[in-house]
Amino acid sequence: MSEKQKKATAYWKENVKYLFILLSIWFVVSFGAGILFKDALDSIRIGGFKLGFWFAQQGSIYVFVILIFVYVRLMNKLDKKYGYNE
């Protein structure tokens, strides 16, 4: 295996690791907070709405958008690390 292939393999391995972590966070927030932990979170209110309801309707969308920006930042760092920032 050439040095270029090793570099590309390491790049994609790290990229998949970031994707797995970020999608896991999104899953926990959307499925966990919106469905599984809804009853426990409903004792807390935000702006008059129960927190479990808020996560199911709005919170998971906000978290997803934030995770997109986090992913862009991580990928920019990863590109610089492996020399793919052109």
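Asp-42 counts as buried, at 14% relative accessibility; buried means under 20% relative accessible area, exposed over 50%, and partly exposed in between, with a 1.4 Å probe and protein chains only. This is a predicted model, where local features need pLDDT of at least 70, side-chain atom pairs count only at pLDDT 80 or more, and totals for chains, interfaces and linings use all residues. Residues are numbered from 1 along each chain as its sequence is written, and side-chain values use heavy atoms, leaving out hydrogens and water.

The side chain of Asp-42 meets that of Lys-38 in a salt bridge, 2.9 Å from N to O. The term means a side-chain nitrogen of Lys or Arg within 4 Å of a carboxyl oxygen of Asp or Glu. Lys-38 is partly exposed, at 32%.

How many salt bridges does a search of the whole structure find? It finds two. Lys-81 and Glu-14 also pair this way, at 3.2 Å, N to O. Lys-81 lies in helix α3 and Glu-14 in helix α1, so the pair ties together parts 67 residues apart in sequence. Helices here are DSSP runs (H or I, at least four residues), numbered from the N terminus. At 56% relative accessibility Lys-81 counts as exposed, whereas Glu-14, at 14%, counts as buried.

Now the packing. The axes of α1, residues 3–36, and α3, residues 51–82, come within 8 Å and cross at roughly 170 degrees. The two helices are therefore roughly antiparallel, the term for angles over 145 degrees.

Key:
Axes fitted to C-alpha atoms, helices over the stretch in contact; angles between N-to-C directions. Parallel < 35°, antiparallel > 145°, perpendicular 65-115°, else oblique.
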